[in-house]
Amino acid sequence: MTQKKKERINIHEYLAAFDDIPGTRVFTAQRARKGYWLNQFAMSLMKEENRKRFLADESAYLDEWNLTPAAKDAVLRRDYNAMIDEGGNVYFLSKLFSTDGKSFQFAAGSMTGMTQEEYAQMMINGGRSPEGVRSIKGGY
C-alpha cells in the first residue's frame, strides 16, 4: 500500500481567498498583528476609569495608543468595518460599543448597512440569503 504524498498548501494563496468573500472580513494572523494596538485600546475600556477618560476626551485618550491614523479615525467615526480592516477584532471592539451604550446587535447592523431593527428582523427571518454574490473576483 502506498501513501499519497500530501500537497503543500501555499499559505498566502489560501489566506488571499478569504479576501474574495463579499462583505466578510476574516480575522487572520496578519490582521491580528496589524490591529494589536487597536485591540489593546479596546480592551483598556474594560476598566471604568479608562472608559471615563476616553469619553471625556476621545482623541487625547487615543493618542496614548500606538494607533495608525486610519485606526484612530475609524474609532472616532465609530466605523466598525474600518476598524476591522485596521485589524480590530469584533469581540475586543465590543468594549467600545458597550462603552457607547450600544448592543452587539446595533454594531452588527451598522456593519451591514442596516439599522438595528432591520438587522434583527433579517436574523429573525433566517439571516442573509445564500443567493447572490458569493465571490468578488468571480462575480457569482
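**Helix packing and aromatic pairing**

In this predicted model, helix α3 (residues 36-44) and helix α8 (residues 90-99) approach each other with their axes within 8 Å, crossing at roughly 45°. Because angles that are not roughly parallel, antiparallel or perpendicular count as oblique, α3 is oblique to α8. The crossing of these two helices is left-handed. On the α3 side, the contact is made by Leu 38, Asn 39, Phe 41, Ala 42 and Met 43. Helix α8 contributes Phe 92, Leu 93, Lys 95 and Leu 96 to the contact. By residue class, the contact of α3 with α8 comprises 7 nonpolar residues, 1 polar residue and 1 charged residue.

Helix α9 (residues 104-112) packs against helix α10 (residues 116-124) at an angle of about 95°, and their axes lie 8 Å apart. Since an angle of 65 to 115 degrees counts as roughly perpendicular, α9 is described as roughly perpendicular to α10. Here the contact draws on Gln 105, Phe 106, Ala 108, Gly 109 and Thr 112 from α9, and these residues meet Gln 116, Tyr 119 and Ala 120 from α10. The residues of this contact divide into 4 nonpolar and 4 polar, with no charged residue.

In an unreviewed entry, UniProt places the feature "domain: Extradiol ring-cleavage dioxygenase LigAB LigA subunit" at residues 38-123. In the model, the span of residues 38-123 is 74% helix and 0% strand, and its end C-alpha atoms lie 29 Å apart.

Aromatic rings were examined next. A search of the whole structure finds 9 aromatic pairs. One of the pairs is formed by Trp 37 and Trp 65, whose ring centres are 6.5 Å apart. The planes of these two rings are at 50°, so the pair is tilted.

The phi angle of Arg 78 is near 55°, which is a positive value in a residue other than glycine.

Key: Residues numbered from 1 in each chain as written. Predicted model: local features only at pLDDT ≥ 70, side-chain atom pairs only at ≥ 80, totals over all residues. Heavy atoms only, no water. Axes fitted to C-alpha atoms, helices over the stretch in contact; angles between N-to-C directions. Helix = DSSP H or I, 4+ residues; strand = E, 2+ residues; numbered from the N terminus. Parallel < 35°, antiparallel > 145°, perpendicular 65-115°, else oblique. Left-handed = near helix turned anticlockwise from the far one by under 90°. Contact = heavy atoms within 4.5 Å. Nonpolar A, V, L, I, M, F, W, Y, C, P; charged D, E, K, R; others polar. UniProt positions renumbered as here; feature names shortened; annotations may be inferred. Phe/Tyr/Trp six-rings, centres within 6.5 Å; stacked < 30°, edge-to-face > 60°.
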